[in-house]
Amino acid sequence: MNTVNKITIALLGLGFASLSQAAIELKMGMQASVGSIEYQSATLLADSIKELSKGEMTLALYPSAQLGDDRAMLQQLSLGDLDITYSELGRMGLWIPRASAVVQPYVIKNYEHIQRVFNSPFGQGIRDEMLEKYNWRALDTWYNGTRQTSSNRAINSIENFKGLKLRVPNAKPNLNFAKLSGASPTPMAFSEVYLALQTNAVDGQENPLPTIKAKKFYEVQSNLAMTNHIVNDQMVIISESRWKSLSDAQKEVITKSVAKAGASHTNTVKTQEKDLIAFFEEKGVSVTYPDLTPFREAMQPLYAEFDKKIDEPLIEKIAKM
């Protein structure tokens with residue numbers, strides 16, 4: 001065997017990583033903490049990227065808002081200082097006002113609905129604007145739970161919301177849901193909620209079921225109402241600067257890995273939600289299923305105001321997708 005053939009065989013034996021460009025370390029920041037389902041899914045994403053790229057690409061994770069809040073991390077994506085982060089389609093309303101339509105209470109029915117919106121011409125328009133104006137490429141959106149209401153008194157109907165001091169995040173859709181349902185919205189830092197519930201500083205709070213379990217709110221709340229008022233999604237966003245620097249093969253690795261992690265994440269959240277009802281009941285929590293029609297009707301002024309603000313009859317259009 002001549003020298004040239006020996007060198008060729010030796011090179012082939014080095015594998016995929018050695019024949020391509022130098023190894024790439026991607027950085028992903030998130031507000032979610034270690035142990036959360038978001039972090040677990042990011043770990044699966046990292047493992048898949050490393051496996052499919054045969055070690056050519058790795059993904060370093062920075063949880064617990066180490067790199068700042070979601071706005072700070074999105075800014076880092078714009079500048080090309082961070083590669084990947086999580087956000088929500090509705091969160092884009094801070095920059096692209098019409099995107100807020102998907103987080104108005106009762107507009108989105110379930111995860112399948114928000115996936116249709118994400119992939120619709122409306123959703124593609126939002127994604128195009130994210131890309132063109134902010135350097136953000138949305139790769140996919142996953143299911144991240146539907147918000148329900150826990151309280152220290154039973155909620156059998158919208159009438160039971162009257163006068164309820166309901167902790168909500170300082171976000172307009174959540175504030176409007178509480179107010180229009182008859183409650184007294186009480187914005188409060190998430191870290192303060194457990195103690196506020198325990199001391200009756202507030203009467204209730206609203207969050208997806210996995211969050212209610214993770215934060216052990218069931219220890220200080222005896223009732224849970226399935227109000228289904230806002231569906232949370234979780235977009236995976238990559239910096240367009242980084243995306244453009246990747247080869248087609250590397251882009252395919254990331255796309256496949258995001259799809260794999262997303263399917264697992266969505267399935268886990270759905271399974272948890274199904275199983276958690278029984279868990280809460282075992283803990284002595286009374287679970288109720290109030291008629292949601294009056295809640296939806298109570299939101300009509302909000303819908304009218306939103307459509308007027310963006311000068312487009314968007315709410316009904318999205319609700320029917």
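Buried means under 20% relative accessible area, and N135 has 16%, so N135 counts as buried. Keep that cut-off in mind for the close-ups below, which come from a predicted model.

**Figure 1. The whole chain, before we zoom in.** Start with the overall picture: the chain has 14 helices and 10 strands. Its C-alpha atoms fill a box of roughly 85 × 45 × 30 Å, taken along the principal axes. Of the 321 residues in the chain, 50% are buried. If you look at contacts between residues at least 6 apart in sequence, 73% of them join residues at least 24 apart.

**Figure 2. A close-up of the largest nonpolar core.** How many residues are in the largest nonpolar core? There are 49, and M92, M130 and I318 touch the most other members. Helix α5 (residues 111–119) gives the most to this core, with four residues. Now pick out I318: not counting residues up to four places away in sequence, I318 touches A101, V102, V107, I108, H113, V117 and F122. Apart from this core lies another one, of 24 residues, and its members include I24, Y39, L246 and A261. In soluble globular proteins, nonpolar side chains tend to be buried together.

**Figure 3. Helix α3 beside helix α11.** Here you're looking at helix α3 (residues 37–52) and helix α11 (residues 248–282), whose axes come within 9 Å and cross at roughly 150 degrees. Because that angle is over 145 degrees, α3 is roughly antiparallel to α11. The crossing of α3 past α11 is right-handed. On the α3 side, the contact is made by I37, E38, S41, L44, L45, S48, I49, E51 and L52. On the α11 side, you'll find V253, I254, K256, S257, V258, K260, A261, S264, H265, T268 and V269. Sort the residues of this contact by class and you get 10 nonpolar, six polar and four charged.

**Figure 4. Helix α5 meeting helix α6.** At what angle do α5 and helix α6 (residues 121–134) pack? The angle is about 60 degrees, and the axes are 4 Å apart. The two helices, α5 and α6, are therefore oblique to each other. V117, F118 and N119 of α5 make this contact with P121, F122, G123, Q124 and R127 of α6. By class, that's four nonpolar, three polar and one charged.

Figure 5. Is G145 buried or exposed? G145 is buried, with a relative accessible area of 0%. Leaving out residues up to four places away in sequence, G145 touches P208, I230, V231, N232, V269 and E273. Have a look at Q234 as well: 89 residues separate G145 and Q234 in sequence, but their C-alpha atoms are 9.4 Å apart in space. As for S151, its relative accessible area is 1%, so S151 is buried. Which residues does S151 touch, not counting those up to four places away in sequence? They are L164, D203, G204, Q221, S222 and N223.

**Figure 6. E240 and its neighbours.** E240 sits in helix α10 (residues 240–245). With 8% relative accessibility, E240 counts as buried. E240 touches L131, N135 and R137, again not counting residues up to four places away in sequence. One of those, N135, turns up again in the next figure.

**Figure 7. Two residues with a positive phi.** Most residues other than glycine have a negative phi. N135 isn't a glycine, yet it has a positive phi of about 70 degrees. You'll find N135 in the loop between α6 and β4. K216 isn't a glycine either, and it has a positive phi of about 55 degrees. The loop that holds K216 runs between α9 (209–214) and β8 (223–225).

**Figure 8. Q75 on helix α4.** Helix α4 (residues 70–79) contains Q75. At 43% relative accessibility, Q75 counts as partly exposed. How far apart are the C-alpha atoms of Q75 and W136? They're separated by 9.5 Å, with Q75 and W136 lying 61 residues apart along the chain.

Terms used. Residues are numbered from 1 along each chain as its sequence is written. This is a predicted model: local features need pLDDT of at least 70, side-chain atom pairs count only at pLDDT 80 or more; totals for chains, interfaces and linings use all residues. Side-chain values use heavy atoms; hydrogens and water are left out. A nonpolar core is a set of buried Ala, Val, Leu, Ile, Met, Phe, Trp, Tyr and Cys residues joined through side-chain atoms within 4.5 Å. Buried means under 20% relative accessible area, exposed over 50%, partly exposed in between (1.4 Å probe, protein chains only). Contact means heavy atoms within 4.5 Å. Axes are lines fitted to C-alpha atoms, for helices over the stretch in contact, and angles run from 0 to 180 degrees between N-to-C directions. Angles under 35 degrees count as roughly parallel, over 145 as roughly antiparallel, 65 to 115 as roughly perpendicular and the rest as oblique. A crossing is left-handed if the near helix is turned anticlockwise from the far one by less than a right angle, and right-handed if clockwise. Ala, Val, Leu, Ile, Met, Phe, Trp, Tyr, Cys and Pro count as nonpolar, Asp, Glu, Lys and Arg as charged, and the others, Gly among them, as polar.
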